[in-house]
Amino acid sequence: MSVGEALTTDVTGAGQPGDRPAGIDEVRAATESLRAVMERFDPSVVTVRDAQVLVPLFDEIERMSAAGKILSAKRATDSPRLLREKGFKDGADYLARTTDTTTGEALGMLATAEAMEGLDATTEAFKTGALAPRKAVAVASAARADADAEAEMLEIARTGSVRDVQERSRRVR
């Protein structure tokens, strides 16, 4: 059983098949589908033109996956007792070990998830892949400092570089 599977059942017994919220089975199916594609994927036989189509498609998958992981991270770590029962020191330890990252990166995921709270437009753009994680952090940071800046920051993020968005975010804050 994977770490993620171990945590799908909480102390109340929820998390059994049929008890899951909408989305888990679809994400699992999408994961299996992408795994099947990648098992057959051979970049040496892909044309340059096809590779130029694939790069943004894989980037979009990566962005949406990052958003799902980051936005789920806070909720996944909401029960310190359950985490300890499963052998984790705390939420950051769970995320670091589950996602094969550092504790610092895990803390960054949690901070990003918290920054998104209450920022519906930013969260929606993040979930749909319109915002890469670095841009999402910059937009959320600016919007936290000045709620009126969210729309402007999203527009800059839509057309600007990561650097442009980060610089504007610093000026807003």
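Predicted model: local features only at pLDDT ≥ 70, side-chain atom pairs only at ≥ 80, totals over all residues.
Good morning, colleagues. I begin with the overall architecture. The chain contains 10 helices and 0 strands, and along the sequence its pattern reads α-α-α-α-α-α-α-α-α-α. Of its 173 residues, 27% count as buried. As for contacts with a separation of 6 or more, 54% of those in the chain are between residues 24 or more positions apart.

Met 153 deserves a separate remark. Once its neighbours within four places in sequence are set aside, Met 153 is in contact with Ala 138, Val 139, Ala 142, Val 165, Arg 168, Ser 169 and Val 172.

Helix H8 comes next. Its buried residues are Lys 135, Ala 136, Ala 138, Val 139, Ala 140, Ala 142 and Ala 143, and the buried residues of H8 pack against H6, H7, H9 and H10. The length of H8 can also be checked: at 1.5 Å a residue, its 13 residues should span 18 Å, and the end C-alpha atoms are 18 Å apart, so the two values agree.

Let me now consider a pair of packed helices. Such a pair is described by the angle between the axes and the distance between them. The axes of H3 and H7 come within 8 Å and cross at roughly 130°. H3 is therefore oblique to H7. On the H3 side, the contact is made by Arg 63, Met 64, Ala 66, Ala 67, Ile 70 and Leu 71, and on the H7 side by Thr 123, Phe 126 and Lys 127. Sorted by class, this contact of H3 with H7 has 6 nonpolar, 1 polar and 2 charged residues.

I close with a loop. Asp 100 lies between H5 and H6. Its phi is near 55°, a positive value in a residue other than glycine. Is Asp 100 buried or exposed? Asp 100 counts as exposed, because its relative accessibility is 73% and the cut-off for exposed is over 50%.

Thank you for your attention.

How values were computed. Residues numbered from 1 in each chain as written. Heavy atoms only, no water. Contact = heavy atoms within 4.5 Å. Axes fitted to C-alpha atoms, helices over the stretch in contact; angles between N-to-C directions. Helix = DSSP H or I, 4+ residues; strand = E, 2+ residues; numbered from the N terminus. Parallel < 35°, antiparallel > 145°, perpendicular 65-115°, else oblique. Nonpolar A, V, L, I, M, F, W, Y, C, P; charged D, E, K, R; others polar. Expected span 1.5 Å × (residues − 1). Buried < 20%, exposed > 50% of the residue type's maximum accessible area, 1.4 Å probe, protein only.
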